[in-house]
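Here is a short briefing for a first look. Begin with the view below, then read the points by topic.

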Amino acid sequence: MQLQVMNSPFNQEQVELLNQSLSTLTPSQKVWLSGYLAAQQSLLDTGSLDSQGGKLPNVSAGQTISKEVTILFGSQTGNAQSLAENAGKTLSGRGYQVTVSSMSDFKPNNLKKVKNLLIVVSTHGEGDPPDNALTFYEYLTSKRAPKLDDLRFSVLSLGDSSYEFFCQTGKDFEKRLVELGGKSLYKRVDCDLDFEEPAAEWLEGVTNGLSEGQGESGTQVTTVAPKAAASAYSRTNPFRAEVLENINLNGRGSNKETRHLELSLEGSGLTFEAGDCLGIYPENDPLEVDMLLSELKWNQDEMVAVNKQGDMHSLKDALTSHFEITGLTKALLKQVAQLSTNEDLKELISTGNEAKLKAYLQGRDVLDLIRDYGIWGESAQDFVSTLRKMPPRLYSIASSLNANPEEVHLTIGAVRYEAHGRERKGVCSILCAERLQPGDTLPVFIQQNKNFKLPENTDTPIIMVGPGTGIAPFRSFLQEREESGAEGKSWLFFGDQHFMTDFLYQTEWQKFIKDGALTKMDVAFSRDTEEKVYVQHRMLEHSKELFSWLQEGAAVYVCGDKNSMAKDVQTTLLQIIENEGGMSSEKAEEYLADMKKQKRYQRDVY
């Protein structure tokens, strides 16, 4: 719908200018503008205004709606935190008294005092709460949780639909709050990796629900776009970064290929801190795209819309750059079954076949689905409309901006494996390993990670555990500490397969030790000895000294594989605390929980 003189308070010249400008804006930019204008108006008018410029609906006599709103976030990579903070800004601009807090910083006993609660939470791994939500999650699901009959709430849940327990943490929070007597002021919204639009719709409903005290009917969207630095570039408007360097860190004969990538940020205005991540929007392998096109009945040059705004691209370009084709999800198969006439597919997704469906999804992609169950949809548009948008890949930044101005470095392990008779490749890692040359460009953005940061006090000792590519952020940490002249001790645990071929950045660690930025380093190469030795074994070997560092206030950082390494490292850490501290297992758990509260135990695991 376009503005007209008849349906707006603007004159003809203003209407033409506004229509011309609005047509060029992305949804995120329109959302930001709406929130900005609402915030500006609130400075001029003590009464809150609705999105059409009128007063908010009147509340019936005797009905009191609290203007205090508490927003709690549980975030592993920073997305939930950014959305929560920006929701807080929007609601503050509407005249609400807003408190935004990490779940780990919120005192659970204060929950019974809250009248309006918004929860923004991601789901990590196989349905697990993120680290900074765990304590609050455990409290809420325990018998200690209070009755919340006066509470109004809403949940925004972030997840990845390729996992079985999609958005499970958000679902758990909603279920428990209802059990405790809470009333929903707006329905729960579950977001996949492409979360901007559904998050904006959620905040629209929440704003309406708060102002009216009820319902889910919509008003104008009033959220703001995810927070970015001063740069104009962001997740929704990535910067084309030029490749400066792309080298293999592994020696000849290694079973692995680990790429060291250096990208130029010159002219972007992008900034980051040690511990942040870089997002990359990759392209699918051209060979994979060609194989898929050969199975389809539509011309590769046929034009299809790739987003809700109607941007048109050829089918080939859409499958190359805009849609995910290398994985399957339960949600995708359900959509496909509605368009397909294949009865076997409908049987696969039917109730009672959950185990069979889970097995089928493992290691297969869109090409497998077509070959097994046929093409779906009457048109190319029908076909691509079922596919997920290409999600960005996040990588821990392996450099300090202070040490390498206008550059960003990454450490990326190439993913190759065989499944169901075909070789499979990681979309982004193999793009970097096989097709990316110096001079090429990649669309990138900065993803802040406020849950993985160096101590503010540079005298604080740090212990870093990062096997394999988990070493990346610690290269950034040490470069940053060297630049700042930090005096605090540092201890690095690194592990990989072979000393001769897999000791990533070996000469750099030696230089850091020589120059004093790195105090101590222990390594574990699991394939060089008859009995496999991992980083947790090296930690145990030095348990007495490690515990003395903890007693001195050291902060512990862990980066890498969540399912095996991170669990083993945490188990080992608890064992060291228990044994060297002379504590019971319960007291050791409390000790580690206290470290988390003090931000002395941080993990970047995946």
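Arg424 is buried, because its relative accessible area of 5% falls under the 20% cut-off. The model is predicted.

**Arg424 and its surroundings**
- Arg424 sits in strand β15, which spans residues 422-425.
- Its side chain makes a polar contact with the side chain of Asp368, at 2.7 Å.
- A polar atom of the Arg424 side chain also lies 2.9 Å from the backbone oxygen of Ala419.

**Strand β3: burial**
- Strand β3 covers residues 116-122 and is mostly covered, with 7 of its 7 residues buried.
- Asn116, Leu118, Val120 and Ser122 point one way from β3. Leu117, Ile119 and Val121 point the other way.
- Residues on both sides of β3 are buried.

**Strand β3: partners**
- Strand β1 (residues 68-74) pairs with β3 in the parallel sense, over 5 bridges.
- Within that pairing, Phe73 stands opposite Val120 of β3.
- Strand β4 (residues 152-158) also pairs with β3 in the parallel sense, over 7 bridges.
- Arg152 in β4 is the bridge partner of Asn116.
- From β3, the chain crosses through helix α4 (residues 134-140) to β4. This β-α-β crossover is right-handed.

Notes
Residues are numbered from 1 along each chain as its sequence is written. This is a predicted model: local features need pLDDT of at least 70, side-chain atom pairs count only at pLDDT 80 or more; totals for chains, interfaces and linings use all residues. Side-chain values use heavy atoms; hydrogens and water are left out. Helices (H or I, at least four residues) and strands (E, at least two) are DSSP runs, numbered from the N terminus. Buried means under 20% relative accessible area, exposed over 50%, partly exposed in between (1.4 Å probe, protein chains only). A polar contact is a pair of N or O atoms within 3.5 Å; within protein, one must be able to donate a hydrogen and the other to accept it, and residues adjacent in sequence count only if both atoms are side-chain atoms. Two strands pair if DSSP finds at least two bridges between them. A crossover is right-handed if, with the strands pointing away from the viewer, the path from the first strand over the helix to the second runs clockwise.
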